[in-house]
Structure formats: structure tokens, C-alpha cells
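Please look through the structure below with its sheet, one of its helices, its nonpolar cores and its salt bridges in mind. The paragraphs that follow take up these topics in turn, beginning at the end of a helix.

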Amino acid sequence: MAKTMDFILPKMGESITEGTILNWLVQEGEAFEEGDILVEVGTDKVDNEVPAPTAGVMTKHLCANGDVVEIGSVIAQFEEADGSSSHVSSSESAISEMPSDKKEQMLKQVQHDKLDASSSESRERLPKKNVGSVSNAFVNQDLFVSPLIDSIARKNHMSYEELARIPATGHEGRLRKSDVVNYINEGRPFQFAQAVNNEPDPTAYRIPQLKLDKGTGTIIKMDRMRSMIADHMVYSKHTSPHVTAYVEADLTDLVNWRNKNKGPFQEKYGERLTFTPLFVDAVARAIEEYPNINASVDGSNIIVKENINVGMATALPSGNLIVPVVKNADQKSLQEIAADVNRMANLARENKLGGDDIKGGTFTISNVGTFGSLMGTPIINQPEVAILATGIIKKRAEVMTKDDVDSIEIRSMMMLSLSFDHRVVDGFLGGSFLKQVALNLEAAPENDY
């Protein structure tokens, strides 16, 4: 007869006392194998994937998504599969009945025993020829490889040296499934990693361990989104050699056209005509001229995207940024682009953007002019290879030449800056694309509304 077991939220760090249930990956009534990820739990430090201690069938969730629960609490119940090893789960079930002062100590020992057993089993399955001495400072030398990670690694022909170089975000430096999946999606930058000698390379650059005076003041802890943004930006600067090109555009005709048409446009289509749809449209048409700017990098391969999906960096009420995406912008009319932009901007202000709204971007625009900035040097939104910043539209005196005669006129000028990945985008492509965007903006639409 199948035995009902308690599934306990394990300890996730010395200073972590509670976690938030983010997502149940195994629903009630579904079967799972030992090592399968049952639930994703968010803490004030990282998100964790909690694996199944044994095979079984999920019978009941005791906590719902969004619930905050204490470490050591029973969060679900499951029926253990016949023939499964139950010494770990039985121990955890017994722990749940212990007095609270003994529960944490015993739970820590159970998790430690499970870690040692699984680690030993996983290392034995790794090819011996792939286990070497790794001395690089950023490599996790005491890598724990779970059976699930081992399976993914074998499927993708990943060596121990390559696994050891993947940044691990799990408990005590453990690799999570999401770590490996993200690494594969990012092009496997350490695919050809080899074992190295323990002797330090005298020519290698090492980050100096400086004890800087960081000062005193109010301490504000990063929220989860800000931490994710920080990691994404640091990764982008580490991965892509950034180069930034600049050009100035005369938007006088476009500004006059918009001022004339924004009222009739809204009356006809019920949509506000801001500058953002005009920027998206100009970028989409420039990508059609220079499609290689609409790409990502996969190892030594360049993936030129089939669709032109233009993201627009948008501020949330919290101050964080998010990038909703206008899908297939090259196939849409100005009114369709405006409808997408207005809808997603309104949802962003209400923190109601859906998952599909922020997926699939192939190129990003950051309108730094909204904040009064003259120009910007944006960081590439990985895995894209370029990002455009549009500055403030500012009136100033310009020397204009017509029929070889110079005159001074008041013109509406804007700076454009393009940051691009110099691994795959050279100066000619980056500069040509940027100039084409400027030309598209300078040529106002011919038709009025």
C-alpha cells in the first residue's frame, strides 16, 4: 500500500527563515520521479528549485502560490511510489512531528545526508576523463551535480569542466536546472573548457580584492526584480564587448507632422500618438534594410532572427524597468503599433503585464529622452546584439544650407546612440543601421489623418 509522506520546505541558507511559494511544477494527482523539481520557492536572496526526495504521486498542496511559509514547514503531501527508497522522506516526515526546537537541527542533518549521497552517486556517473583539476577563480571547485543535472549534461554532451564554470545559484552553490538551461540558451560560452594546471598564470588579470569604504547611510535592500536586472546587466557587460555609435537627427518635420496629426489620429483610431510608435516604426524599417542587426549569438554561430520584435524599455511604478515587446513590428501599420504601445504602457503602469508581453524581443529601444537626457549609452539586452537610445528632442539654432546659401533656423534635434556587440556587429553595420534609423525619422509620414 502506498505510504503518504510529508513534503517539507528544506533549509536554503543560514540566514533564510522563510520562503515564498512561486510556482508548483507538479500538480495534484501528477506523478514524479526522484530529483524532479516539485516547486519553485523565492527567498530574499535567490529563487530555489526544490527537488523530490523520492518518486511518488502528488496528493495535496498545503500551500498556494504566493504563500509565505517558514523553513521546515510541511508544504505538500504525496504518496511514495512502490519500491522507492524512503529513508530520506521518512526521516523528513518524522521531523515534522518533532518539537520545533529540534526540528531545524534534524532537518539540516537529513538534507546534509541527502546531499552527500546524491553527490557521490552523481560524481560516479560523470565520465572520469572529464574530471580534472580546475583552478580558475570563478569556478565552483566543490560542484554538486544532481541526477537531473547529470541527465541534462549527458544529453547535451557537457563535460565536468564546463559544468563547473556555470554560475550556480542553488543552496550552498548547487547547480539548479534553471542555471543549466539558461547557460545553454546563452550559447554555452564555456563549451570548450579544458582542465587546467593548479599553477596560477602570471599573465592573467585578477580582480583586486580592495577593501573600499562604502560609507554609511540608509540601507535599501534590492527587491527580486532589481536583483535580476543587476545580474542581467553585469552578465551583458561581461559577455558582449560594447561599442557605442552616435548620430544626430533633425526631427523638425516629424515633430510638426505629429503636432498636426495627433488629434485627428486619436479621434479616428482612439489611440494616443506618442513618439514611441514612430520610433518603433523607424527601427523596424531600418532592420529590414540591415537584418543582421536583428540577431543573437550562439557560440560561433550568428542567429539572424526571422521576426522583427521591437522591445521598449518601460519604467514600472517601483522604479524598476521592464521591456514589453511589439511583435512583428515590420508587418504592422502605425495605428496597430500605437495600439500595442499604449496597451502595454498602461499595463506596465498597473503592474499587469503578461508573460507573453515581455517575451521574444529581438531589438530594444530605450527612450532616455523621457527623463530629459540628451543621450545615453545603453547596455545590450541579452541575447540581442544591439540597443538604441533616443535622447530628448530639443529646439536649437542650426546652420541650414539651401542652394549654397547658409541660414540659421530653429530646428528640433535629437541624439541617437546605438550600443552594439562588437563580436558580431562591426562599425560599418552599426553605423549604417543607426544612420538609416535617423533618415527614417527625419522623413515624416506623407499622409495626414
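Asn351, whose phi is positive and near 55°, follows helix α9, helices here being DSSP runs of H or I with at least four residues and strands being runs of E with at least two, numbered from the N terminus. This is a predicted model, in which local features need pLDDT of at least 70 and side-chain atom pairs count only at pLDDT 80 or more, while totals for chains, interfaces and linings use all residues. Residues are numbered from 1 along each chain as its sequence is written, and side-chain values use heavy atoms, with hydrogens and water left out.

Helix α9 itself covers residues 334–349 and reaches 22 Å from its first C-alpha to its last, close to the 22 Å expected at 1.5 Å a residue, where the expected span is 1.5 Å times one less than the number of residues. Among its buried residues are Leu334, Ile337, Asp340 and Met344, buried meaning under 20% relative accessible area, exposed over 50% and partly exposed in between, with a 1.4 Å probe and protein chains only. The buried residues of α9 pack against elements including α7, α8 and β12.

Elsewhere, Asp448 forms a salt bridge with Lys260, with the closest N and O atoms 2.9 Å apart, and because Asp448 lies in the segment after α10 and Lys260 in α7, the pair ties together parts that are 188 residues apart in sequence.

The largest nonpolar core has 51 residues, and Val283, Ile293 and Phe363 are among those that touch the most other members; such a core is a set of buried Ala, Val, Leu, Ile, Met, Phe, Trp, Tyr and Cys residues joined through side-chain atoms within 4.5 Å. Its largest share, 9 residues, comes from α8. Apart from this core lies another, of 21 residues, including Met12 and Phe78.

Finally, an open sheet of 4 strands has the order β1-β8-β6-β3 with antiparallel pairing, two strands being paired if DSSP finds at least two bridges between them. β1 and β3 stand at the edges, each with a single partner strand, so one side of each is left without a neighbour in the sheet.

Key: Contact means heavy atoms within 4.5 Å. A salt bridge is a side-chain nitrogen of Lys or Arg within 4 Å of a carboxyl oxygen of Asp or Glu.
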